[in-house]
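Thanks for asking me to look this one over. Below are my notes, point by point, for you to read with the model open beside you.

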Amino acid sequence: MRSPQVQRDPGLPPRVTIYEVGARDGLQNEKTLVPASIKAEFIRRLAAAGLPVIETTSFVNPQWVPQLADAAEVLSQLGPAGVTVDRPVLVPNERGLDRALECGVQAIAIFGSATETFAQKNLGRSMAESVAMFAPVVTQARAAGLWVRAYVSMCFGDPWEGDVPVGQVVDAATSLMDLGCQELSLGDTIGVATTGHVRDVIEGLDNAGMNRDAIAVHFHDTYGQALANTLAALREGVTTVDSSAGGLGGCPYAKSATGNLATEDLVWALHGAGVSTGVDLQALVDTSVWMSRQLGRPSASRVVTALARG
Ligand code: MG
C-alpha cells in the first residue's frame, strides 16, 4: 500500500492521540441500522488497527437515537475490553449514566452546546439548565472513578443563530469543564470553521485558564475545512483529535453528506508530517472498506478511496 513520504513538520506535535468516533457519532448519523454484532466487530477491528481511544456507543434515549438502541448489547459482546477507560460512551443524563454504569463503563462523554438555540433543540432546555442537568452526572461519574469528557456543539457557527462569539464558546466550555470534566471537545457541528477562528477559540480558552492539553477538536468537513482546521489546532498546542473511520456520519444539521473528518485522511496527513499516532493505516483502510460494504455505500474518505483502489 502506498504511504506518504515522511518529512517532519516541526510546527506539529511529535505525537497525536486520535479519539475515534465512528462507532458512535458516525453510526448515529447513518441511515442504515447496523446489527450489534457488526458494531462490536467494527470496534474490535478499530482497536486492532491501533486506535488508542474509541467511543463505543451512546446511552441516549433509544427513541431519540434508534441507531444506538443496542448500546448494552454491543458492550456485552465486547466484554471487558469494551469498557476500559479508553472506551468512552456518550451519556445524556443521570438515567443514561445509570445504564452505562450497569455495563461497567469507565469513561463517559457528556454534551453541551455553545448556543441557546441548539441547547433547546438538542437537549430541550437552556444552556444554563443543561449545565445544571449535567452537574450530578459528572459528580457521580467522578465519584465512581470514571474519566469524563465534555463535548460542546456549535463552537464555530450555528445553523439558526449564525456566527457564535468566541467569548460565548469560552463561557459554555468553561461552565461544563468546571463541573469536573477532564477533557473538552470543541465541536464544529456544521463544519463552517476556518483556521484563524480555530486559533482564536483555542487562545480564548487558554486565556480563560484552560490547559491546552485538555482540549480536543472535532471538525466536520462540510466545507472541506476539517483537516486544515485540525492542523491549525495542532499548531496551537492541541494534541487530541476526534475523527471517524471512513468519514462515517453525515451531518443532520448541515443537510450535507459530508460529516466527520475521516480518520484515514488525518492519519495520512500526520504520518507524512512525521507525527506518530500508533495507527496502522492499512488495517484501518481495510476496516473502513469492510464497514462501507455493511452500509452499502462507498466511504467518504479520500484516503480510503485512493488506497482501496490500490
Ligand atoms: Mg461529529
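1. A helical salt bridge to begin with. The side chains of Glu-203 and Arg-199 meet in a salt bridge, with N and O 3.5 Å apart; the term stands for a side-chain nitrogen of Lys or Arg within 4 Å of a carboxyl oxygen of Asp or Glu. Because Glu-203 and Arg-199 lie four residues apart in helix H8 (residues 195–207), about one helical turn separates them. Helices here are DSSP runs of H or I with at least four residues, strands are runs of E with at least two, and both are numbered from the N terminus. Glu-203 is partly exposed at 28% relative accessible area, and Arg-199 is partly exposed too, at 40%. For these labels, buried means under 20% relative accessible area, exposed means over 50%, and partly exposed is in between, using a 1.4 Å probe and protein chains only.

2. What you are looking at. This is a predicted model, in which local features need pLDDT of at least 70 and side-chain atom pairs count only at pLDDT 80 or more, while totals for chains, interfaces and linings use all residues. Residues are numbered from 1 along each chain as its sequence is written, and side-chain values use heavy atoms, with hydrogens and water left out.

3. Which residues are linked with Arg-199 and Glu-203 in a network of salt bridges? Asp-206, Arg-212 and Glu-236 are the other members. Within it, Glu-236 bridges to Arg-212, with the closest N and O atoms 3.2 Å apart. That pair links distant parts of the chain: Glu-236 sits in the loop between helix H9 (226–235) and S9, and Arg-212 in the loop between H8 and strand S8 (215–219), 24 residues apart. Glu-236 is buried, at 16% relative accessible area.

4. A longer-range pair. The whole structure holds twelve salt bridges. One of them joins Arg-297 to Glu-30, whose closest N and O atoms are 2.5 Å apart. Arg-297 is partly exposed at 31% relative accessibility, whereas Glu-30 is buried at 6%.

5. The metal site. Four residues coordinate the magnesium ion, at 1.9 to 2.2 Å: Asp-25 (OD), His-218 (NE2), His-220 (NE2) and Asn-260 (OD1). Donors are N, O and S atoms within 2.8 Å of the metal (3.2 Å for Na, K and Ca), and water is not among the atoms, so sites may look incomplete. Along the chain the donors follow the spacing D-x192-H-x1-H-x39-N. His-218 is buried, at 6% relative accessibility, and His-220 is buried with a relative accessible area of 6%.

6. The sheet. Nine strands form an open sheet with parallel pairing, in the order S2-S1-S9-S8-S7-S6-S5-S4-S3; two strands count as paired if DSSP finds at least two bridges between them. Strands S2 (53–54) and S3 (57–58) are the edges, each pairing on one side only. Strand S1 (residues 17–20) and strand S9 (residues 240–243) are joined in the parallel sense over four bridges, and Glu-20 has Ser-243 in S9 as its bridge partner.

7. An enclosed strand. Is strand S7 (residues 183–188) enclosed or open? Six of its six residues are buried, so strand S7 is largely enclosed by the rest of the structure. Glu-183, Ser-185 and Gly-187 point one way from S7, and Leu-184, Leu-186 and Asp-188 point the other way. Strand S6 (residues 147–153) pairs with S7 in the parallel sense over four bridges, where Tyr-151 has Ser-185 as its partner.

8. Thr-57 belongs to strand S3 and is buried, with a relative accessible area of 1%. Leaving out residues up to four places away in sequence, Thr-57 touches Arg-24, Leu-68, Ala-71, Leu-75, Pro-88, Val-89 and Leu-90, where contact means heavy atoms within 4.5 Å.

9. Cysteines. How many disulfides are there? The count is zero, taking a disulfide as a pair of cysteine sulfur atoms within 2.5 Å. For Cys-181, the nearest cysteine sulfur is that of Cys-155, 14 Å away. Cys-181 is buried at 9% relative accessibility, while Cys-103 is partly exposed at 23%.
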